[in-house]
Amino acid sequence: MTGKTCSADVSVVIPCYNAERWVGRAIDSVLAQEGVTVEVIVIDDGSTDGSVDVLRGYNNRICWETGPNRGACAARNRGLALARADYVMFLDADDFVSVELLASMLQSAISQSADCSVAQVFDQSPNGPLTPRLTPRVNNWRFLLEDWLKGAAVPPCGLIWKKSFVINLDGWTPCLSKNQDGELVYRAALRGAVFCRATTGYAVYWQHSGDRITNNVTREKLWDAFQTQVQLVDDLSGHGEFWGDLYHAVSMSTHGLEKRASALSDASVERNIAAFRRYHKFLSYEGTRLHILGCRIMGLRK
């Protein structure tokens, strides 16, 4: 089902899966935007709760449709195909944005001829305060990837994209269950994307125990996260860019994956990551001196 929406400056695509409790808040935060016209597109990904009933309540103020469960990336790509604005945000149904954010991001993107505008993002849990997330440097693609790999990753609620650029990237990779947004940013950076930073406004990345893609790391999710690192290294090597601080950032990131893999009962992922790290001659351990000493004494698994 699709509602009628006026010409918009920004299309906001919201993938929704069993988000009855949250999706209304995400939609309301977009409809409340000041200084910019918005198009809200919600793709319900086969929800089995009351999400669709929530969407029906917005009548023609939003565009929405529902279909079988195909995953968040497929839902985002469907929303991208429907989007009519020149700029698009992919807002998870759990998250929301401040009233001035989209206007600020759009202004920054246009004034700096950027392909992607980056905003400040805060983490928040039901009874917790807003906690700022680290943001990457945006003045150089190597700096951005380095910071991203070291933990300054920006979730989809903190990015707006030039729609044509994402389309030229062939959109989101549907088969991934983990690090979907990171993989998109990796490809964008290596394709010459220009990034900029919004000066005002913020997004909130909601922390809870529900069904969002970042929760409950499984073997499949960890393997997908590792494969995005493998592809990144292949791409960097192909461009002659796998060196220096960026090389070290990949080492730190894959060491973090190796530590998480050590907690899984299936050790095959850990063995594959360890072999990958040995092949590229990464340091055996990354982190503080105390962490490195502990790993050497007890071994990585402990």
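Two strands are said to pair if DSSP finds at least two bridges between them. Helices (H or I, at least four residues) and strands (E, at least two) are DSSP runs, numbered from the N terminus.

The model is a predicted one, in which local features need pLDDT of at least 70 and side-chain atom pairs count only at pLDDT 80 or more, whereas totals for chains, interfaces and linings use all residues. Residues are numbered from 1 along each chain as its sequence is written, and side-chain values use heavy atoms, with hydrogens and water left out.

Strand β1 (residues 10-16) pairs with β2 in the parallel sense over seven bridges. Within β2, V38 is the bridge partner of V10. From β1 the chain passes through helix α1 (residues 23-31) to β2 in a right-handed β-α-β crossover; right-handed means that, with the strands pointing away from the viewer, the path from the first strand over the helix to the second runs clockwise.

β2 is also joined to strand β3 (residues 63-67) by five bridges, and these two strands run parallel. In this pairing D45 stands opposite G67 of β3. A right-handed β-α-β unit is formed by β2, helix α2 (residues 51-56) and β3.

In a regular strand the side chains alternate between the two faces of the sheet. In β2, V38, V40, V42 and D44 point one way, while E39, I41, I43 and D45 point the other way, and all are buried. Buried means under 20% relative accessible area, exposed over 50%, and partly exposed in between (1.4 Å probe, protein chains only).
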